Amino acid sequence: METPRGYQPLITAINQLDQHNKRLFFTEEQLLMTAGVQQSLFLILQGLLTPGDAVAIESPSFFHDSTLFEATGVRVYEASVDADGIYLTALEALIIKHRVKLVILNPDYQNPTGHVMSFQKRKAVVHLCQMHQIPIVEDDVFGWLGFDTTRPIPTLKQLDPDNVIYISSLSKIMGASSRIGWVAATPQVIEQLTRVQHEMDLVPSIMAQVMVTLAMGDPQFQTQLDQLKGTLQERAQATYKMLERVLPDWHVYLPAGGYYIWVTHPNHKLRLKTFIDHQLAVAPGSLFGLKTDALRINFARLNAIDLVALEQRLVAIIKATE
């Protein structure tokens, strides 16, 4: 049951859950199992680009300081995003000036901002990249963790099946140790990436694939996934309300899925070092390419007790800076 693209029962299970949660369907020839999103992106950069080629990413972005670009000899350029998605004029300027060969986007519950790209912006991005004949990599690692799934916005992959390379992972659902991800693309692209994966001996552990398959085969898996989304939504809302109360001068963005709440302040009233001094672990905006004060807060593990502790420390930080 092990194929060059991965463990067949796992490929089938991924397909079934993608159909249920994202309304995506792929043939067997369109899927390749990997050891997570980082490896998926590495295979794409290594297999489809050559050293010196340019790619465009969002700013802020989880990939801002990624070593993948340096490791593959790829030049990276950034275009700003807002709540609606990436700025098209900035993206097109990068494409023209630097002859960008690949655009990497995270349209659903973007890391770190939590923003969701609008339907109109998605269509415009797809059209722009089609016009310049540039493939898109759609990073959808939080794709199964949207809180409201009654009217999901189509993925970029659904809008342009041939030009969009879709990558996702189980790490946000089963934990980072699962190390299982996948790439969905045309059979031609998958064949190329499979060749690179085997040549570099980057095939994910068959044991890990079997164990994940058994877990996903549990009749309660989808029910547990739905319960996880409900818990995340409750914690996101509780964290948002607390931050709005404690940080009235900051802008707090309420996400519609994923793990993170994004908090920004352009006037630098709270110094990041202060958070460290009060033993409060946050991810500063500088990690994602921003110079203004911004914080990414992970609400996924903030139960009621943890939330009280977070509030107390934030209050202490504010008093210390007055």
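The chain exposes about 15100 Å², of which carbon and sulfur atoms supply 53%, the areas coming from the Shrake-Rupley method with a 1.4 Å probe and only the protein chains shown counting as cover for residues. The model is predicted, so that local features need pLDDT of at least 70 and side-chain atom pairs count only at pLDDT 80 or more, whereas totals for chains, interfaces and linings use all residues. Residues are numbered from 1 along each chain as its sequence is written, and side-chain values use heavy atoms, with hydrogens and water left out.

Of the 322 residues of the chain, 50% count as buried, a term that denotes under 20% relative accessible area. The secondary structure comprises twelve helices and 14 strands, taken as DSSP runs (helices H or I, at least four residues; strands E, at least two) numbered from the N terminus.

Four of the strands form an open, antiparallel sheet in the order β11-β12-β14-β13, where pairing requires at least two DSSP bridges between two strands. Because β11 (251–253) and β13 (283–284) each have a single partner strand, one side of each is left without a neighbour in the sheet. The antiparallel pairing of β11 with β12 (residues 260–265) extends over three bridges, and His251 stands opposite Thr264 in β12.

In helix α9 (residues 206–216) lies Gln209, which is buried, with a relative accessible area of 0%. A polar atom of the Gln209 side chain lies 2.9 Å from the backbone nitrogen of Tyr7. Beyond its neighbours within four places in sequence, Gln209 is in contact with Gly6, Tyr7, Leu10, Met33, Ile180 and Pro204, contact meaning heavy atoms within 4.5 Å.

Conventions
Buried means under 20% relative accessible area, exposed over 50%, partly exposed in between (1.4 Å probe, protein chains only). A polar contact is a pair of N or O atoms within 3.5 Å; within protein, one must be able to donate a hydrogen and the other to accept it, and residues adjacent in sequence count only if both atoms are side-chain atoms.
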